[in-house]
Amino acid sequence: MTFAKITATAHYAPEQVVTNDALSQIMATSDEWIASRTGIRSRHISIDENTSDLATKVGQRLLEQAAFPVEALDFIIVATVSPDGNMPSTASLVQANLGAHNAFAFDLTAACSGFVYALSVADKLIASGAYQNGLVIGAEVLSKVVDWSDRATSVLFGDGAGGVLLQALSDEPLILAESLKSDGSRGMSLTSNLTYPTSPFSEPSQADDLFLKMDGRAIFDFAVRDVPKNILESLVQAELSVDEIDYFLLHQANSRILDKMARKIKTDRQKFLQNMQRYGNTSAASIPIILSESVADGTLKLDGTQKLVLTGFGGGLTWGTLVVKI
Ligand code: 4VN
């Protein structure tokens, strides 16, 4: 059996950096308020690039880095909650932009767990033997989805994209253990782009609710209660102790939440990589961005020696952990 291997990582964010101080010029907030509660100091905000543009940049960088021929791509998965539109999918736009004419392409919607879900799915596509090479990209332009009149949420999010090239060329599994979870019964505590039937045959009852809305307390409590349990269950499944994990790459929503999680799973907080201070919360893009940055700065090596925990959590509700050997 041939397993998937991550052969390249890449990320891209729009050039425009917006600091907390810049936000305090346009709404009643402050660097002190944002930084002390979330760890976020700045974020990238797109002026004119859409989600497919960010994802295409990542795709180009992945192919370039691995000197990989675009026609050999079998699939492209884009995890996003801020697609260019419903049709065509953002992944289809990326396929066209790259000229990946042999690849099938689709978006996967699992909010902040999107990259973790997508990497799990892609791993199975390759493990099945049916497909050999694919791109898994998380990409978001959340600045078009947040409610800029809501200072409680708009300061938390940012734009960016990251991804990996997967190739069937390993005799060892990439994913040592995994646990993907959903609880739709709690889904209304984090919503965006809710739409309702409004045809001439409907009684207009509810108005569309396009912008992002979050019950911060509910999501905070969910993250602290359900996610550490999920990480520990995955480690049990992998028959690994917390100490055998080199680094934990968790969704970059809030550094105080990561502090609490590190305490709950009894690990050194330094092993929780962190970059939300420069990106804010980029939902499905947060894990592939920090993965790519950490490979680029030499913290992580794609040489089969390091074990990582990748954990996403957010809208759906969705959460999930992959224990991977990269
Ligand atoms: C996962 C999480 C969050 C999130 C939840 C709450 C929160 C981020 C509430 C309290 C507030 C500071 C901000 Cl844990 C969001 C997502 C969506 O990607 C996923 N921040 N906060 C305060 O007053 O301290």
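Visitor: Which residue's side chain is joined to that of Thr-321 by a polar contact of 2.6 Å?

Guide: It is Asn-230: the side chains of Asn-230 and Thr-321 are joined by that 2.6 Å polar contact. A polar contact is a pair of N or O atoms within 3.5 Å; within protein, one must be able to donate a hydrogen and the other to accept it, and residues adjacent in sequence count only if both atoms are side-chain atoms. Before we go on, remember that this is a predicted model, where local features need pLDDT of at least 70 and side-chain atom pairs count only at pLDDT 80 or more, while totals for chains, interfaces and linings use all residues. Residues are numbered from 1 along each chain as its sequence is written, and side-chain values use heavy atoms, leaving out hydrogens and water.

Thr-321 sits in strand E13; helices (H or I, at least four residues) and strands (E, at least two) are DSSP runs numbered from the N terminus. Beyond its neighbours within four places in sequence, Thr-321 is in contact with residues including Val-116, Leu-180, Ile-231 and Val-309; contact means heavy atoms within 4.5 Å.

Leu-180 is also among the contacts of Tyr-117, along with Thr-318 and Trp-319. Tyr-117 belongs to helix H5 (residues 114-127) and is buried, at 15% relative accessible area. Its side chain makes a polar contact of 2.7 Å with the side chain of Ser-182, and a polar atom of the Tyr-117 side chain lies 2.7 Å from the backbone oxygen of Lys-181.

Thr-318 and Trp-319 lead us on to Phe-313, which has both among its contacts, as well as Ile-257, Leu-258 and Met-261. Phe-313, Phe-248 and Met-261 have the most contacts inside the largest nonpolar core, a group of 41 residues. Such a core is a set of buried Ala, Val, Leu, Ile, Met, Phe, Trp, Tyr and Cys residues joined through side-chain atoms within 4.5 Å. H7, E11, H8, E12 and strand E13 (318-325) each supply at least two residues of this core, and the largest share, nine residues, comes from H7. Domain 1 (3-170) and domain 2 (175-325) both contribute residues, so the core lies between them; the domain bounds come from an automatic or database assignment.

Now for helix H8 (residues 255-264), where Ser-255, Ile-257, Leu-258, Met-261 and Ala-262 are buried. These residues lie on the same side of H8 because they cover an arc of only 150° around its axis, taken from the directions from the helix axis to the C-beta atoms. Among the elements that cover them are helix H2 (31-38), helix H7 (216-238) and strand E12 (307-314). At the N-terminal end, Asn-254 caps H8, with a side-chain oxygen 2.8 Å from the backbone nitrogen of Arg-256.

Asn-254 also brings us to the ligand: an N or O atom of its side chain is 3.4 Å from a ligand nitrogen atom. For His-251, an N or O atom of the side chain is 3.2 Å from a ligand oxygen atom.

Conventions:
Buried < 20%, exposed > 50% of the residue type's maximum accessible area, 1.4 Å probe, protein only.
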